[in-house]
Amino acid sequence: MLWQIVSALSVVVVAVVACSAYFYFSNKILDFALPVSDGDVRAASRNLNRRAMIRPWLFLGPALFLLFVYLVYPVVATFILSFYDRTGLQFVGLTNYKWAIGDREFRQSIFNNILWLAVVPAACTFFGLVIAVMTDRIWWGNIAKSIVFMPMAISFVGASVIWKFIYEYRGGNDVQIGLLNAIVQLFGGTPEVWISVPFWNNFFLMVILIWIQTGFAMVILSAALRGIPEETIEAAVIDGANGWQIFWRIMVPQVWGTIAVVWTTITILVLKVFDIVLTMTNGQWQTMVLANLMFDWMFRGGGDSGRSAVIAIIIMLAVTPIMIWNVRRANRELKGH
């Protein structure tokens, strides 16, 4: 443990020193290469303009380089790899894409992803908004918000382990230690292996992500609600609006932009959901999603680079329209202000 702490601190110190040295010496080199002398005013003015044009790129350069190495290049390489066989050596054209269209497991993964997209972002945003409104009206609201937000500090794997105990099933005459089965048994029901029930098990997995992400939605929406002018709410009360009408006709329209941001952020997260499914079911019992299927094909039978690349491309294509829409909406809001 001590060695890991020392290593982490060393990396932080070295990175900070390296960045500082880069910016210091790159600026020195720029100043040396484009000197400003009192003798030639025109040359000095020209060099100052050149410095002003080059200096921002000295700061942006490392970030752009890392962006290219870790984002642009992998995307291009994955797209090219999707046209090759399992070894990544022999060109097979559209064979992998034809396989994806005809594969039952791939279609099941698409269906499951659509199911997750339909439920999780909407549920997280709705619960987050409702909790944000309700906790603003009670004296212990900050305590309630802290409790709701707490799961955000837990990793997906850690949250899955917690919920695995909630869904736990014991066969025979063993005592049910799973909370859900204990409640079912208390009311005279029959315990079930909940995560193995086809179709419905997807919803049991979704509950985990909703539990984690509702806190995120609540915090963002709570901040947005505090930005609503009190005058509008007071005017609605004077006009005779009840709490339900104030919520839907006054509050929601004024925070609609924030709701869209929360929804799209969680949507992108859902498209990449991986850890929960891997920890809870490993894709069994018809719970496979695209990210898990891609991971599975990376190692199945020694791995298949072509098929896993196709699935990765599908995930990226699914994420891209949402990101474009989010960016365009943000630009419109900036222009509006």
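1. Largest nonpolar core. In this predicted model, the largest nonpolar core holds 45 residues, and the members that touch the most others are W116, V120, L129, L209, L225, M251 and I276. Two or more residues of this core come from each of α4, α6 (156-166), α8, α9, α10, α11 and α12 (275-280). The biggest contribution is that of α8, with 12 residues. As a general matter, nonpolar side chains in soluble globular proteins tend to be buried together.

2. Contacts of L209. L209 is one of the core members with the most contacts to other members. Beyond its neighbours within four places in sequence, L209 is in contact with W116, V120, C124, F156, L269, V270, V273 and I276. Among these partners, W116, V120 and I276 are also listed with L209 as touching the most other members of the core.

3. A separate core. Another core, of 19 residues, lies apart from the one described above, and its members include F83, I268, L271 and I315.

4. Largest pocket. At least two lining residues come from each of α2 (41-81), α11 (256-271), α13 (290-299) and α14 (305-336), and α14 gives the most, with 5 residues. By class, the lining has 12 nonpolar residues, no polar ones and 1 charged.

5. Second largest pocket. Here the space is about 240 Å³. The lining is made up of A132, V133, D136, R137, L225, R226, I228, E230, I233, I246 and M251. The helices α4 (104-135), α8 (200-226), α9 (230-238) and α10 (243-254) each supply at least two of the lining residues. The lining divides into 7 nonpolar, no polar and 4 charged residues. L225 and M251, which line this pocket, are also among the residues with the most contacts to other members of the largest nonpolar core.

6. A buried arginine. R51 is found in helix α2, an element that also supplies at least two residues to the lining of the largest pocket. R51 counts as buried because its relative accessibility is 14%, against a cut-off of under 20%. Leaving out residues up to four places away in sequence, R51 touches L30, D31, L34, P35, V36 and P56.

Definitions and conventions
Residues numbered from 1 in each chain as written. Predicted model: local features only at pLDDT ≥ 70, side-chain atom pairs only at ≥ 80, totals over all residues. Heavy atoms only, no water. Helix = DSSP H or I, 4+ residues; strand = E, 2+ residues; numbered from the N terminus. Nonpolar A, V, L, I, M, F, W, Y, C, P; charged D, E, K, R; others polar. 1 Å grid on protein atoms, 1.4 Å probe; cavity = no way out; pocket = protein on both sides within 12 Å on 5 of 7 lines; lining within 4 Å. Points joined across faces, edges and corners; volume = space filled by probe spheres on them. Core = buried A, V, L, I, M, F, W, Y, C linked by side-chain atoms within 4.5 Å. Buried < 20%, exposed > 50% of the residue type's maximum accessible area, 1.4 Å probe, protein only. Contact = heavy atoms within 4.5 Å.
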